[in-house]
Amino acid sequence: MSDGARQPAYTIIGAGPVGALMGLMLARRGHSVRLIERRADPRRTPAQRGRSINLALAARGLAAIEHAGLAARVAPGLTAMPGRMLHDENGALQFLPYGRNEHEVIYAISRERLNRLLVEAAAEHPRIELRFNTRCVALDPHAGSMQLRDEHAGSSSSAPFQLLLAADGAGSAVRAALAADGLARVDEQPLAHDYKELAIAATDSGGNGSDRTGGHGTGGYVFEPHALHIWPRGGFMLIALPNTDGSFTATLFLPRHGSHGFDRLAHDSDVRAFFAQQFADAAAAIPDLAQQFAQHPQSQLGTVYCDGWQAAGRVLLLGDAAHAIVPFHGQGLNCGFEDCRLLDTLLAAGSSPADVLSGFERRRRPDTDAIAAMALENYVEMRDSVRSAPFAARRRLAAELEQAFPGRFIPRYSMVMFHPEIAYAQAQRRGAQQELVLDRLVEQHGYGALQPAALAYVRELLDAAGL
Ligand SMILES: Cc1cc2nc3c(=O)[nH]c(=O)nc-3n(C[C@H](O)[C@H](O)[C@H](O)COP(=O)(O)OP(=O)(O)OC[C@H]3O[C@@H](n4cnc5c(N)ncnc54)[C@H](O)[C@@H]3O)c2cc1C
C-alpha cells in the first residue's frame, strides 16, 4: 500500500499494545490497516530498562486477546499470581488470595514481550502494513490528512487517511491536536506520587519455587514467584511482579515530597538507609540498589479525562490516549484491550464506522470513568488498608457472602479483575451497594462467623438493594 489512491481502510497511530491488538482485530475482519509507530521496530531493538517492565493481565485483557485469536501465543509468557504476598517491616509474610477459586488469578507478563509478539503477529498479517520510526505530529480530521515525521531522516510529509484510530498513549499527540482545534477538552490530573522501577535479579541456584514456573525460568526466584508482592507502608509502598526468567521487577511508589518522599532520597546513603528500614528483605535482594536508584528514571503518574474522543466521524482515541489511569488496579492495559474488543464487536455489528466512532465515547465513558476512580481508590487499599485488621475481617466476610450468595454478592475487586461480563461502572455501583450491606451486617451481627440469622438478614438486604 502506498499513500494516495490505495489508502488503507484504517490508519492506527501507535503500535503499542492497544494499537497492535486493534489492528489485528480489524485485519481479521478483512480490513486493510496501516500501523504507524514513532519508535523503532521492537523485533529489532532491546527493551528499555527502567520503564514499566512488566504488568498484570486479568480477565478483561485476556478476553480481548482470546477474541483476537492470540491466546496460545500469549500463554507461554504468563506467570500466574493467585494472590498478594504482603511483606511487613520485620520481613514476615502473609499471602492473601485474590479470589475464591483457582480461576481467579491474575498474570504477570513482560510488556516488551507482549508488545513484540503483537507486532510479530501484525507483521505476519497480509492486510497490515507497519511503519516504524514514523511520528504523527499533526492532523486535520475534517480533511482526513495528517503530518508524519520520519524520526531518522527528520523529514516531514503529509498523508491522507480514511479512518484513524489514535492509540498513541497517555501523552497522545492526536489528542493534543484535537484539543488544539477545540474538538476535545482534556483534564490531566497528576498524582502527587511518582514511581521508580528496580530489578531484582534471579538467583544462581534453585531459589524460591523455581520448579513451579512451567519450566520457562532460567534462574531461581528470591521470593515466591506466584504472587504479587507488596510492601505496604501506609503513605507509600513497594511492589514486585515476577518475570519468567526468575527475576522480579519491583516498583517503588512514593510521594514526590515529604518525610517519605523521593526528595529525601538524593544520596546513595539515604536510599540504603530508607530501604534497610522499610524494605529490608527487598534491599537484601538488590545488591546494586543505590546504583539502580540513581540510574533509573523517577516517573510521574496521573489520570487523563478527555471529553471528545472522536472527530468528524473518522478519528477516534483509544486506550491510554483516551483515558490513561493510575496503575493501582492493574487495569490500564486491560481496559485498553477491552476498548479494542468492544470497538471490534460494534464495527462488526453492521452500523457505519462513522456512527460507531461517533457513539463510542458515549457508550464507553461511564466505564472508563469508573475504573479511573476505582484505580485511585485501590492505591489506598494496596499501600494502607491491606494492613488493617478490620480490612481483613471485611474481606473474609465478603468471601463468605460470595460463597453463600453466588452471583449476588461478588467482591468489587473480583468484579473488576475476574468478571469481564460486569462492566466497570456496574462493578463500581454494585461495589458501593455491597459495602452498605457489609456495614449493616457488621452493625447487627459483628465480624463473627455467619449464622443463619445473619444470612437471613443479608438476604433481606440484598433483596432490598436489588442485588
Ligand atoms: C508503572 C505502571 C504500571 C502499570 N501496570 C499495569 C498493569 O499491571 N496492568 C495493566 O493493565 N496496565 C498497567 N499499566 C497501564 C498500561 O501500561 C497502559 O494502560 C498501556 O500501556 C496503554 O497501552 P496503549 O497502547 O494505549 O499506550 P502505550 O503503551 O503508551 O503505547 C502507545 C504507543 O504509541 C506510540 N506513539 C506515541 N506517540 C506517537 C506518535 N505521535 N506517533 C506515532 N506513534 C506514537 C508509542 O511509542 C507507543 O508504542 C501500568 C502503567 C504504569 C505506568
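How many helices and strands are there in the protein? Show everything as a cartoon and you'll find 15 helices and 19 strands (DSSP runs, H or I of at least four residues for helices and E of at least two for strands, numbered from the N terminus). What you have open is a predicted model, where local features need pLDDT of at least 70, side-chain atom pairs count only at pLDDT 80 or more, and totals for chains, interfaces and linings use all residues. Residues are numbered from 1 along each chain as its sequence is written, and side-chain values use heavy atoms, leaving out hydrogens and water.

Zoom out for a moment. Along its principal axes the C-alpha trace spans about 70 × 60 × 45 Å. Of the 467 residues, 52% count as buried (under 20% relative accessible area, with exposed over 50% and partly exposed in between, using a 1.4 Å probe and protein chains only).

Now select residues 452-465, which is helix H15. Its 14 residues reach 20 Å from first C-alpha to last, close to the 20 Å expected at 1.5 Å a residue (that is, 1.5 Å times one less than the number of residues).

Next, pick Ala454, Tyr457, Val458, Leu461 and Leu462, the buried residues of H15. Look down the helix axis: these buried residues fall within an arc of 135°, so they line one face of H15 (the arc uses directions from the helix axis to the C-beta atoms). They pack against helix H12 (389-404) and helix H14 (424-445).

Conventions
Contact means heavy atoms within 4.5 Å.
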